[in-house]
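Try each task yourself before reading its solution.

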Amino acid sequence: WQQLEAKFDAVFVGVGLGADSWLDVPGNSLRGIRGAVDFISELKLGRISMSGVRHAVVVGGGNTAIDVVRELLVLRSTGTTSLESVTLMYRGDEAAMSGYAHERSIAWQAGARSAFRTVPLAFVGDGAVKAVLCASTDANKRPVANSERNIDADLVILAIGQQRNVHALDGLTGVYMGGDFKNGGKEVVDAVAEGMSAAR
């Protein structure tokens, strides 16, 4: 940072967000549980093995969750995997999802399953995940007593947000900032617009 500030009259920081957020529930360290951003990155690089995965559950309600669901459905449609089901699990109603409605519609038409008003309580398995222990939620998105059930899952993708790496900017002052790190996570076009605004 010191070198940048010494060399330039102004600095724009648009570093984006950090690692995928994680669920603090029992079994969250089982094999087969992945963060969405990490999963998408490795999928695009051809590093993902779907061997033995029959049931996938994607947890989240935003555009990243929908992106993962659609990517998994594409893999299933090619017939190159043993994937049988892709379920989107969201703790609220569909109307409360932040993901684009037209993207959701495409996912449903392609055969995605939904588990709305459902929240994970634990991940079940012996070394590797085999199911999500979940419960129905009330109007406040809190678990309803005696509503627990298992949903089969050989692969769980967590699309519940990303962490801000606040220490990346320690000691940095007097700069322009934009993008996901500042606005909490929007589209690339928002980061570009904020960069242009800062430049002006």
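This is a predicted model: local features need pLDDT of at least 70, side-chain atom pairs count only at pLDDT 80 or more; totals for chains, interfaces and linings use all residues.

**Exercise 1.** Work out how many helices and strands the protein chain has, and what share of its residues is buried.

*Solution.* Start with the elements: there are 6 helices and 10 strands. Next, go through the 200 residues of the chain, and you'll find 39% of them buried. Finally, check the surface: the chain exposes about 11,300 Å², with 49% of that coming from carbon and sulfur atoms.

**Exercise 2.** Find which residues of the largest nonpolar core touch the most other members.

*Solution.* Now see where the members come from: α2, β3, α3, β4 and β9 each give two or more residues. Of these, α3 gives the most, with 7. Then zoom in on Phe39: beyond its neighbours within four places in sequence, its contacts include Leu72 and Leu155.

**Exercise 3.** Decide whether Thr118 is buried or exposed, and look at what surrounds it.

*Solution.* First place the residue: Thr118 sits in strand β6, which covers residues 118-126. Its relative accessibility is 2%, so Thr118 counts as buried, the cut-off being under 20%. Setting aside neighbours within four places in sequence, Thr118 contacts residues including Met89, Tyr90, Cys134 and Arg149. Last, look at its side chain: a polar atom there lies 3.4 Å from the backbone oxygen of Ala115.

Methods
Residues are numbered from 1 along each chain as its sequence is written. Side-chain values use heavy atoms; hydrogens and water are left out. A nonpolar core is a set of buried Ala, Val, Leu, Ile, Met, Phe, Trp, Tyr and Cys residues joined through side-chain atoms within 4.5 Å. Buried means under 20% relative accessible area, exposed over 50%, partly exposed in between (1.4 Å probe, protein chains only). Helices (H or I, at least four residues) and strands (E, at least two) are DSSP runs, numbered from the N terminus. Contact means heavy atoms within 4.5 Å. A polar contact is a pair of N or O atoms within 3.5 Å; within protein, one must be able to donate a hydrogen and the other to accept it, and residues adjacent in sequence count only if both atoms are side-chain atoms. Accessible areas come from the Shrake-Rupley method with a 1.4 Å probe; for residues, only the protein chains shown count as cover.
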